[in-house]
Amino acid sequence: MMKKTIQLLFFFAAIVTAVSASAQGKDISEQLTNGKWINRSEGYVPIPTYNPQDVTPGEEPETVKRFKTFGFTDNNTFTLDSAKQRYSGKYRISGDEIILEFNPVVVTHLRGNMDPNTSSTDYRTVQETVTLADRSLYLTEDGKLRGDGFIYENYSGAVSGLFNFYEFSGFANVSWKHLMMMLVGLSFIFLAIRYEFEPLLLIPIGFGILIGNIPMFQAVDFNLRLGIYEPGSVMNILYQGVLQGWYPPLIFLGLGAMTDFSSLISNPKLMLLGAAAQIGIFLTFLGAIWLGFAPPEAGAIGIIGGADGPTAIFISSKLANGMNVMANGQVVQNLIGPIAIAAYSYMALVPVIQPPVIKLLTSKKERRIKMKPSRAVSKLEKILFPIIGLILTAYIAPSALPLLGMLFFGNLLKESGVTKRLANTASNALIDTITILLGITVGASTQADVFLTPSSIKIFALGAASFVIATAGGVAGAKLMNLFLKKGYKINPMIGACGVSAVPDSARVVQHMGLKEDPTNHLLMHAMAPNVSGVIGSAVAAGILLSFLM
């Protein structure tokens, strides 16, 4: 009798325990399925193409905070949304434990296109089947979910939607780098409007910097198609004109249609001044190598010394595009943005940088030298010049043919006299359109996480040195030529500074300085000769560097 009584007690105890466990499980299930469980923590890399296997130890990228959300249903299934990647599975409750079993999910990894021979802008995709390890969670007395190293708090579906909205807003993704770059963009716009420093360039570039540094959501293997570096976005499509080198030749076409080479044709020896100023390019190339840049990167940086924005963009798109693989297996840096911004910045600062250098290297007597008026140039000479110029320069540096070909073609349209409509289109509507697109996209390419690097600081320092050296080289070249010229045929050394490609700003600076020394000394037309020669010279120098470094 006693034995049966004990068995009966054990049976009732088991039933009570089972009922209690069932009630507890039901209570936990009701809590789980009520709303969403959300955690926000550090550790997420905001780079769509990030691959941990490619990271050198000690060079891990910065991480940001992101939301991670669990959603549970009544039929024992759940979803986990982490950095816009969704995982799913089934859960079961054992005592106070919530055991999660994940389903396999196919993850599409995004990888950068490293083939310089393809014009495709899309990411390469690599698919991988991922199954997350099972994990256990539990509810705490304060109503939070713990167990996998994170703490999740419960919110309603509406609040969860607000969190999602916030995560995509600029307020959630802003950093001091974005604010610093926006300040740079506003400075460009201020200088362009207040002091009229290259407004046709600085306003589009400045506004582009603002566009490129609006903070936006970024995560591994996620393409929102908004930023300039995200394939498929409008800005990325427009940016292909920079990456593929379409815009610079079209700019040169417009320049050729706008330029009068008469001053150079009438006094061809002044072409030597344009060549002398290119010393800035080659010395900066050596300086960049000394600072640790790879030879292709150094070649692209050196062109800043020519003060020629389109040429700088053209050569950097070939040599420092972030895609080319060098002989040692290392990929070159993407320096297009820093190089372009540096080149255009120093072009805009010609009236600030060049006068002190010119005054330092010339005496008052030299600055007062009057040059003989240029001779008249016939129409035949003007027509033959672009044809002969193309053949000579292209044979020297075929790699610069896209630039030189378009420059001389545009000039032939102007000088032939029978293609006025084409010349007007090239020198007005076309070059204005390309200038807008080039300025906006180059500005937007200064996205803070790409632009604000130690390399950018070095590039700006090298650019300043390059511009000063180029100006000094041109002035020194003019002084050297004067040693071999008879009295009455001397060159005003100031025009040597115009050997850089900042057309016509350098010539205007020299004209202003000449009139300041002697109100009757007009140097503008003389200064235009080395100025336009500098455009040709920088393109030839770019072709030479490309021939050596491609």
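Q: Which residue's side chain meets that of E517 in a salt bridge?
A: This is a predicted model in which local features need pLDDT of at least 70 and side-chain atom pairs count only at pLDDT 80 or more, while totals for chains, interfaces and linings use all residues. Residues are numbered from 1 along each chain as its sequence is written, and side-chain values use heavy atoms, with hydrogens and water left out. A salt bridge here is a side-chain nitrogen of Lys or Arg within 4 Å of a carboxyl oxygen of Asp or Glu. At 3.0 Å, N to O, the partner of E517 is R367.

Q: How many residues apart in sequence are the parts that E517 and R367 tie together?
A: Helices (H or I, at least four residues) and strands (E, at least two) are DSSP runs, numbered from the N terminus. E517 sits in helix α21 (residues 505–517) and R367 in helix α15 (residues 364–367), so their pairing links parts whose separation in sequence is 150 residues.

Q: Is E517 buried or exposed?
A: Buried means under 20% relative accessible area, exposed over 50%, and partly exposed in between (1.4 Å probe, protein chains only). R367 has 10% relative accessibility and counts as buried. E517 comes out at 13%, so that one is also buried.

Q: Which residue joins R367 and E517 in a network of salt bridges?
A: The structure holds twelve salt bridges. Some link up into a network, and in the one with R367 and E517 the remaining member is K364.

Q: What is the relative accessibility of R92, which meets E101 in a salt bridge?
A: The side chains of R92 and E101 come together at 3.3 Å, N to O. E101 is partly exposed, with 34% relative accessibility. R92 is partly exposed too, and its value is 41%.

Q: What is the order of the strands in the open sheet?
A: Two strands pair if DSSP finds at least two bridges between them. The sheet has eight strands with antiparallel pairing, in the order β9-β8-β5-β4-β3-β2-β1-β10. Each edge strand pairs on one side only, and these are β9 (145–146) and β10 (153–155).

Q: Why is strand β2 largely enclosed by the rest of the structure?
A: β2 (residues 64–72) runs antiparallel to β1 (residues 36–44), with six bridges between them. On its β3 (residues 77–82) side, the antiparallel pairing has five bridges. β2 is largely enclosed because the number of its nine residues that are buried is seven.

Q: Which residue takes a positive phi in the hairpin of β2 and β3?
A: This hairpin has four residues between the strands. The one with phi near 65° is N76.

Q: Which residues is K177 in contact with, leaving aside its neighbours within four places in sequence?
A: K177 lies in helix α4 (residues 176–194) and, at 17% relative accessibility, counts as buried. Contact means heavy atoms within 4.5 Å. By that rule, the partners of K177 are E62, A448 and L452.

Q: Where does pLDDT stay under 50?
A: pLDDT is the predictor's confidence in each residue, from 0 to 100. The chain averages 88, and 94% of the residues score at least 70. Where pLDDT is low, the predicted coordinates should not be read in detail. The stretch under 50, with three contacts beyond four places in sequence, is residues 12–25.
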